Amino acid sequence: MTTLPILTIQAAERLLNSLEDFLDKSEASYAMIIDRGGIILSQHGELPDNADPNIVAALSAGSFAATRELALRVGEADCSALYQQGAHSHILVTAVDDDIVLVTVFGKQTTVGLVKFYSAKTVKRISAILQELRQTQHVGVLFTKEDINAAENIFAQ
Amino acid sequence: MSIINYANKEIQFKVVYYGPALCGKTTNLAHIHSRVEEKNKGELVSLATAADRTLFFDFLPLNAVVIKGFKTKFQLYTVPGQVIYNATRQLVLRSVDGIVFVADSQWDKMEENVESFKNLQDNLARQGLNLDQIPYVLQYNKRDMPNVAPVHYLEYLLNNRGRRVNSFVGVATSGQGVFATLNAISKLLLQKFARETEESVNKHQKTAAPTGSTALSGIAAGIARR
């Protein structure tokens, strides 16, 4: 399965709605949908300690990919979830499909059982939205060569 | 693959700095991090050993130019250069958009450079990719060392594929060549993106149904509502 090149406004709204509903029911504090490269597709809620979501996404993608690879090397057919139990904040990473994962951060206000239960339902919902998005031919925004050449230094010191 | 997010009006790219052990990949990111304005950068995260050798990856998120109202974002990663971490390199290469291959210019590192470049091609092949599809540039680093090979020899060794790519000399510890390299790979990615979206629009125009019920109209309607 290929990764998602384009996220439309409509699909982004539906993904956000699914995360809002998930956090509401599970009482988790934060959830994000990321691709396997660590790029955020959607997020909702608040991360503890004002953590940078981009960094959480990159580390989650790397961590989950490493755990999945580890599982395969010891003879497991797959690895669908990764749970990190902390003193205050816990993290559950759940595979949506081969390319997308759902990352959930939660604290003492809820339980891992409840989060797992609702994450399973949310994963199905997200999967359906992404499936629909992949099946539709989308057209991206047009940049011309001139637009790019006009941006002489993409990064300035 | 780059992701266009119409809701946030963002386009995101993943760039991986690849190369043999101790060639200066992390130093490139550290220099970039030290020079980019605060508002345009995130934290530089290094998953390293106690001896400061990269264990998993370094990561630096950057905001770049705005083009036609869309923010461009680049996520920079390094791979661990040590041979034993090949499984980790494969993971970091997932969903890569562009590559900076950092070579160590010292004579005694030539074999490692060639092996690492071959390893890059092998690891891309495992994902069904190759260097003809992925934009990449070369950086010949450590030009300040006393025993460096001439640039034309490095070109002969590493830039000898059918498609010659941009190459830069660098001294990452002082910042020489670091931003030239970064700007070059970023521009290549944006050019590829522009080319692909143009092809996509052309293809769409040829196949669009006369009813107008298309993804393009859906996107346009979405933008208009904002």
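The points below take up the contact between the chains, the core, the helices, the strands and some backbone angles.

1. Conventions. This is a predicted model, in which local features need pLDDT of at least 70 and side-chain atom pairs count only at pLDDT 80 or more, whereas totals for chains, interfaces and linings use all residues. Residues are numbered from 1 along each chain as its sequence is written, and chains are lettered from A and ligands numbered from 1 in the order in which they are written.

2. Contact between the chains. Chain A contributes 39 residues and chain B 49 residues, where two residues are in contact if their C-beta atoms, placed from the backbone, lie within 7 Å. On the side of chain A that touches chain B, the elements giving two or more residues are β1 (6-7), α1 (9-26), α2 (53-73) and α4 (145-150) of chain A. Helices (H or I, at least four residues) and strands (E, at least two) are DSSP runs, numbered from the N terminus. The most comes from α2(A), with seven residues. By class, this side of chain A holds 19 nonpolar, 14 polar and six charged residues; here Ala, Val, Leu, Ile, Met, Phe, Trp, Tyr, Cys and Pro count as nonpolar, Asp, Glu, Lys and Arg as charged, and the others, Gly among them, as polar.

3. β1(A) pairs in the parallel sense with strand β1 (residues 3-5) of chain B, over two bridges; strands pair if DSSP finds at least two bridges between them. Opposite A:L7 stands B:N5 in β1(B).

4. Nonpolar core. The largest nonpolar core has 98 residues, and those with the most contacts inside it are A:A31, A:I34, A:V101, B:V16, B:L76 and B:F101. Such a core is a set of buried Ala, Val, Leu, Ile, Met, Phe, Trp, Tyr and Cys residues joined through C-beta atoms within 7 Å. A residue is buried if 20 or more other C-beta atoms lie within 10 Å of its own, exposed if 12 or fewer, and partly exposed in between, with C-beta atoms placed from the backbone. Helix α5 (residues 178-207) of chain B gives the most to this core, with ten residues. Leaving aside residues up to four places away in sequence, the residues that A:V101 touches include A:I34, A:F64 and A:V93.

5. Helix α3 of chain B. This helix (residues 110-126) has 17 residues and reaches 25 Å from its first C-alpha to its last, close to the 24 Å expected at 1.5 Å a residue; the expected span is 1.5 Å times one less than the number of residues. Among its buried residues are B:F117, B:L120 and B:L124. Seen down the axis, the buried residues of α3(B) fall within an arc of 160 degrees, so they line one face of the helix; the arc is that of the directions from the helix axis to the C-beta atoms. They pack against β2 (10-18), α2 (86-92), β6 (98-104) and α4 (151-158) of chain B. The face turned away from the buried side carries exposed residues, including B:E111, B:K118 and B:R126.

6. Helix α3 of chain A. The 24 residues of this helix (residues 112-135) should span 34 Å at 1.5 Å a residue, and its end C-alpha atoms are 34 Å apart, which agrees. Its buried residues, among them A:I126 and A:L133, pack against α1, β2, β5 (90-95) and β6 (100-106) of chain A. A:T8, in the loop between β1 and α1 of chain A, counts as buried with 21 C-beta neighbours inside 10 Å. The C-alpha atoms of A:T8 and A:L133 are separated by 8.3 Å, although the two residues are 125 residues apart along the chain.

7. Strand β4 of chain B. Ten of the 14 residues of this strand (residues 54-67) are buried, so β4(B) is largely enclosed by the rest of the structure. Three bridges join it antiparallel to strand β3 (residues 45-48) of chain B, and eight bridges, also antiparallel, to strand β5 (residues 70-78) of chain B. B:F59 has B:Y77 in β5(B) as its bridge partner.
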